[in-house]
Amino acid sequence: MTIDTLDGLLEEQLKDLYHAEKQLTKALPKMAKAASDPELKSAFTEHLKQTKGQVARIEQVFELLEKKAKAKPCAAMKGLVEEGQETIQQDASDEMKDCMLIASAQRAEHYEIAAYGTVRTIAEALGNQEVVDLLHQTLEEEKETDAKLSQISRRILAEAGGETEEEDESDEDEVDESDEEDEGDEEEEEDDDEDKKSFSPAPAKKKAPAPAKRKR
């Protein structure tokens, strides 16, 4: 199919986004289940609801364009979803797994932000304000989700870093206590030496030689 009009370009881009959003509706529940942090789990669940609404919004855009809502395989999102699945199966601590899940989710968000920005610009060029408004609404939701994920990530990283610092400080305290014990032992040894010196008998005084008798 040859694309030689802005209308055709917009339709093709929307088909790609339609498929991308549908893939996410299947991936997000798995990511929510894999997350350990309550706030992250809630964020994934909330974004799933948003994504379903975004799918409906794209269908509304197709209706405004008097086109049938049809998806075209989105290879980019397919790859991102597969990476997310690999992350879910990765052996890692709870904190690190959550950070990895956020990284995977944000890659998908950034793709969507770029894609929705593009289709909105095309709709603006066509002068279709109703479509622009709908696409802008979704674009803002994607940006808000990305910002929220960044906030959660910073908190989790800070907490993980704090635990490491506490462990380091604990090790340092143990070393300091050991040093103090060693210093105390040395001081006790010095005190013992001084006590021995103080109780050691004074050296005997030598008797002065008797004066020699004079000859008469």
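**Helices and side-chain pairs in a predicted model**

Reader: Which residues form the salt bridge in which the closest N and O atoms are 3.9 Å apart?

Author: In this predicted model, the closest N and O atoms of the pair lie 3.9 Å apart, and a salt bridge requires a distance within 4 Å. Both partners belong to helix α5, three residues apart, about one turn of the helix. The residues are Glu140 and Lys143.

Reader: How many helices does the protein chain have?

Author: From the N terminus on, the elements run α-α-α-α-α. The chain has zero strands, and its helices number five.

Reader: What distance separates the end C-alpha atoms of α1?

Author: Helix α1 has 29 residues, and at 1.5 Å a residue it should span 42 Å. A kink of about 30° lies at Lys26, shortly before Pro29.

Reader: Which parts of the chain does the salt bridge between Asp37 and Arg155 tie together?

Author: The closest N and O atoms of Asp37 and Arg155 are 2.7 Å apart. Asp37 is buried, with a relative accessible area of 11%, whereas Arg155 is partly exposed at 27%. The two residues are 118 apart in sequence, so the pair ties together the loop between α1 and α2 and helix α5.

Reader: Is the salt-bridged pair of Lys15 and Glu12 buried or exposed?

Author: The side chains of Lys15 and Glu12 meet at 3.4 Å, N to O. These residues are three apart in helix α1, separated by about one helical turn. They also belong to a network of salt bridges with Glu11, Lys67 and Lys72. Lys15 and Glu12 are both buried.

Reader: Is the aromatic pair of Tyr18 and Phe62 stacked or edge-to-face?

Author: The structure holds one aromatic pair. Its ring centres are 6.0 Å apart. Tyr18 lies in helix α1 and Phe62 in helix α2, so the pair ties together parts that are 44 residues apart in sequence. The planes stand at 65°, and an angle over 60 degrees makes the pair edge-to-face.

Reader: What share of the contacts with a separation of 6 or more joins residues 24 or more positions apart?

Author: The pair of Tyr18 and Phe62, 44 residues apart in sequence, has been described above. Among contacts in the protein chain with a separation of 6 or more, residues 24 or more positions apart account for 78%.

Terms used: Residues numbered from 1 in each chain as written. Predicted model: local features only at pLDDT ≥ 70, side-chain atom pairs only at ≥ 80, totals over all residues. Heavy atoms only, no water. Phe/Tyr/Trp six-rings, centres within 6.5 Å; stacked < 30°, edge-to-face > 60°. Helix = DSSP H or I, 4+ residues; strand = E, 2+ residues; numbered from the N terminus. Expected span 1.5 Å × (residues − 1). Bend = angle between axes of the 7 residues up to and from the residue. Contact = heavy atoms within 4.5 Å. Buried < 20%, exposed > 50% of the residue type's maximum accessible area, 1.4 Å probe, protein only.
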